[in-house]
Amino acid sequence: MNFLMTFYIYPLSEEIVLSHHLSFNLDNPRTDEEISIVKDYLLKAYDSEGDEQIPIHSNEPIETLENILLDFQEEFSGSDEYIARFFHSYERDKIFEFIAKMWVIARFDDEGEIQLINEGLRQREAQGLSSVVWLDNDHPIVHNSERLVSYSYLLSLLTHSEGSDYFGRSFILDPHQITRFQPVKSLWIDFFMFATGVKGGRDVLAELEWIFLPFALDNLRENIGLLDKAFRDGLTEKLLYIGGILKIVSHDVRDVKVALVMLTSIIELLVTHSPNTNRFNVEDSISKQFQLKASILIYLNDKSKGINDIKRRLKTIYEQRSNVAHGNLGEIHRYVSKLSKKEGEEEYFEDLKSDLYKYIRAILEEYLKDRPFVDFLKDS
């Protein structure tokens, strides 16, 4: 098994199944090697914080890493016997190793390849030889870790609690930066948010409660069950493809116009079919399908918004998607120029992206809960 790091922090008495079908699990580092890798990464990330570092410990009444841990122990050890036992091993001079042991990692099956690679590297090192390891895209470590990342974006979309403030964050940290040499500077922000969850609870975290594992777990498990059922029904590649698009939009795309096209394509994939080119204007037909079918599913998912309002918003989204796809930049500028600039009612082009995340989540939820109905709607 191999792993990627998450932004979750919590001592786990046993692993949590992330996907039965794909053999993904949440766990803590267990072996000396795993603990060392995570500890080294945490240290390098901590060193990169510079003047923004949270002090490790202090005799002054200020926030420190140690105080955060001790507050966590006081708050949760009474309800979780494992946490009480876990803190028996706390040693002040090994605080980074202790934090590493409670950091949550996401495991995936590398089919034994990491062990073979490490053995080969040790043999060459014993012979005084240097080595560079190159892995093809279909190598189990690359292939299965990418599937885990795609899955994490799907699960994060379904589980997040940020409403219109969600712009595609995954609970798995960027795997291209999770190495001994490229610490993520913002890593310790996650530890600070962990502290906020410990001291303030749900009321303080509010829309960010999904980043604190005890608060997120029930919702995670519900969505894990829905996704695993869909995988068993033969939808693995389709859903991971959608997860891959979500990952690209969140991680690789900086232009909101490109993101708009890609996110719109997910809804098209789920609810529209190819029209008869002899009977319809193709784009006009897809636009009508997009508006009607998506608005039905979004309304069924949450009836707090009027279906006509949803349909009008989808019409705007698809019009701007078409302007981007056809290079009608003048039309985009005209749309932006008409957006409200009134104080307290400001509108932005990025709001279309935010709404798309909400709409995709709603449609995916309906798809996972009642796929025959969504397929019927798509084919109609």
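This is a predicted model: local features need pLDDT of at least 70, side-chain atom pairs count only at pLDDT 80 or more; totals for chains, interfaces and linings use all residues.
Student: How many of the residues of strand β4 are buried?
Tutor: Strand β4 covers residues 103-108. Trp 103, Ile 105 and Arg 107 point one way from β4, while Val 104, Ala 106 and Phe 108 point the other way. Side chains in a regular strand alternate between the two faces of the sheet. In β4 both sets are buried, and the number of buried residues is six of six.

Student: In which sense do β1 and β4 pair, and over how many bridges?
Tutor: Strand β1 comprises residues 2-9. Within this pairing, Met 5 stands opposite Ile 105 of β4, and Asn 2 stands opposite Phe 108 of β4. The sense is antiparallel, and the number of bridges is five.

Student: What is the bridge partner of Leu 26 in β4?
Tutor: Strand β3, residues 24-27, pairs with β4 in the antiparallel sense over three bridges. The bridge partner of Leu 26 in β4 is Ala 106.

Student: Is Ser 23 buried or partly exposed?
Tutor: Ser 23 is found in the loop between β2 (16-19) and β3. Although Ser 23 is not a glycine, it has a positive phi of about 60°. Buried requires under 20% relative accessible area, and exposed over 50%. With a relative accessible area of 36%, Ser 23 is partly exposed.

Student: How is the aromatic pair of Tyr 82 and Phe 86 classed?
Tutor: By the rule applied here, the count comes to 24 aromatic pairs. In the pair of Tyr 82 and Phe 86, the rings are 6.1 Å apart centre to centre, with 35° between the planes. Both residues lie in helix α3 (residues 81-86), four residues apart, about one turn of the helix, and both are buried. The pair is classed as tilted.

Student: How many residues apart in sequence are the parts tied together by Tyr 151 and Phe 231?
Tutor: The ring centres of Tyr 151 and Phe 231 are 6.0 Å apart and their planes are at 50°, so this pair is tilted. Tyr 151 lies in helix α6 (residues 140-159) and Phe 231 in helix α8 (residues 213-252), so the pair ties together parts that are 80 residues apart in sequence.

Student: What are the relative accessible areas of Tyr 151 and Phe 231?
Tutor: A residue counts as buried under 20% relative accessible area. Tyr 151 is buried, at 0%, and Phe 231 is buried, at 2%.

Student: Which helices hold Glu 268 and Arg 321?
Tutor: A search of the whole structure finds 20 salt bridges. One of them joins Glu 268 and Arg 321, with the closest N and O atoms 3.9 Å apart. Glu 268 is buried at 14% relative accessible area, and Arg 321 is buried at 15%. The pair ties together parts that are 53 residues apart in sequence, because Glu 268 lies in helix α9 (residues 256-271) and Arg 321 in helix α11 (residues 307-325).

Student: What is the distance between the closest N and O atoms of Lys 315 and Glu 319?
Tutor: Lys 315 and Glu 319 both lie in helix α11, four residues apart, about one turn of the helix. Lys 315 is partly exposed at 39% relative accessibility, as is Glu 319 at 36%. Their salt bridge has its closest N and O atoms at 2.5 Å.

Student: What accessible area does the nonpolar patch with Leu 300 have?
Tutor: Leu 300 has its place in helix α10 (residues 282-301) and is partly exposed, with a relative accessible area of 40%. Leu 300 forms the patch with Phe 373 and Phe 376, and their accessible area together is about 290 Å².

How values were computed. Residues are numbered from 1 along each chain as its sequence is written. Side-chain values use heavy atoms; hydrogens and water are left out. Buried means under 20% relative accessible area, exposed over 50%, partly exposed in between (1.4 Å probe, protein chains only). Helices (H or I, at least four residues) and strands (E, at least two) are DSSP runs, numbered from the N terminus. Two strands pair if DSSP finds at least two bridges between them. Patches are made of residues with over 30% relative accessible area and no salt bridge: like charges are joined within 9 Å, nonpolar side chains (Val, Leu, Ile, Met, Phe, Trp, Tyr) within 5 Å. Accessible areas come from the Shrake-Rupley method with a 1.4 Å probe; for residues, only the protein chains shown count as cover. A salt bridge is a side-chain nitrogen of Lys or Arg within 4 Å of a carboxyl oxygen of Asp or Glu. Rings of Phe, Tyr and Trp (its six-membered ring) pair if their centres lie within 6.5 Å; planes under 30 degrees apart count as stacked, over 60 as edge-to-face and the rest as tilted.
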